[in-house]
Amino acid sequence: MGVGPGDPELLTIAAVRAVEQAEVVAYPVGREGGTGMALTIAERWLKPDQQRLPLLFPMVAEAGPRIDAWRCAADRLAQLVGEGRRVVLLCEGDVSLFATGSYVQLALRERHPDLPFRLVPGIPAVCAAAAAAPSQGLDLPLAFQQEGLLIRPCPESSAPLEALLQVAEENHTVLGLIKVGMRWPWVRTVLQRRNLLEQAVFAQRVGWPDQWIARAAEVSEETKPYFSLLLIRQFWPQVLP
């Protein structure tokens with residue numbers, strides 16, 4: 001179940017109902033004893049008598065520990081459902097977009113093919129950022145009519161980003177780059193070189209109380225938090241109000 005980017009008010013009615021009806025609320029954590037951002041977002045809607053189940057998904061590059069974690073999570077959830085419990089798994093943002101829940105979904109399908117489940121979509125941070133930008137006087141619709149929209153993690157170096165920007169410009173595609181944080185200093189240089197700083201919107205910790213949204217030209221070149229993103233529009237339709 002997607003719980004959106006940070007603001008509890010951005011949970012859908014379907015998501016709130018799913019939480020309220022659950023007996024067990026499972027949520028991802030990156031380390032033992034951690035709280036998890038998804039739980040923090042949804043906590044307003046939880047009840048005292050609900051069981052809270054942290055599921056450990058280690059933030060490591062090695063495939064083995066991650067595969068084991070997905071399978072263990074799927075087995076634990078299947079066990080609870082088999083006992084007749086109503087279970088919900090919280091996922092930050094949308095449940096199908098860069099989501100840990102997507103791996104659990106595939107593990108459930110592979111290991112427990114007869115287990116019924118449903119996905120409840122959530123609001124992605126890119127969409128929430130575009131909606132919040134006008135409050136800062138920044139209008140950046142994500143796509144008009146025949147335009148494209150590409151949401152992806154920020155490339156690891158400048159050359160792939162340059163190529164991505166070139167292809168996006170040629171194909172009238174708006175870019176939503178997530179996980180900009182530590183890459184921002186050199187990303188800013190690329191945008192400056194391509195005269196895009198005035199046209200790009202920088203958003204940091206979207207949906208949280210310390211949310212910050214600004215024109216990229218106004219953002220200093222220091223490294224930013226992990227949950228930072230960019231919206232880059234290199235063109236506008238010829239016909240506008």
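A salt bridge here is a side-chain nitrogen of Lys or Arg within 4 Å of a carboxyl oxygen of Asp or Glu. By that rule the structure holds 11 salt bridges.

Before the details: this is a predicted model, where local features need pLDDT of at least 70 and side-chain atom pairs count only at pLDDT 80 or more, while totals for chains, interfaces and linings use all residues. Residues are numbered from 1 along each chain as its sequence is written, and side-chain values use heavy atoms, with hydrogens and water left out.

E9 and R44 meet through their side chains at 2.3 Å, N to O. E9 sits in the segment before α1 (13–21) and R44 in the loop between α2 (37–42) and β2, 35 residues apart. Helices (H or I, at least four residues) and strands (E, at least two) are DSSP runs, numbered from the N terminus.

On accessibility, buried means under 20% relative accessible area, exposed over 50%, and partly exposed in between, with a 1.4 Å probe and protein chains only. E9 is exposed at 52%, and R44 is partly exposed at 48%.

Next, E156 and R183 form a salt bridge, with the closest N and O atoms 2.8 Å apart. E156 is in the loop between β4 (148–153) and α6 (158–170), and R183 in the loop between β5 (173–178) and α7 (184–193). E156 is exposed at 60%, whereas R183 is buried at 15%.

Last, E162 pairs with R193 at 2.6 Å between the closest N and O atoms. E162 lies in helix α6 and R193 in helix α7, so the pair ties together parts 31 residues apart in sequence. Salt bridges with shared partners join E162, E169, R193 and R194 into one network.
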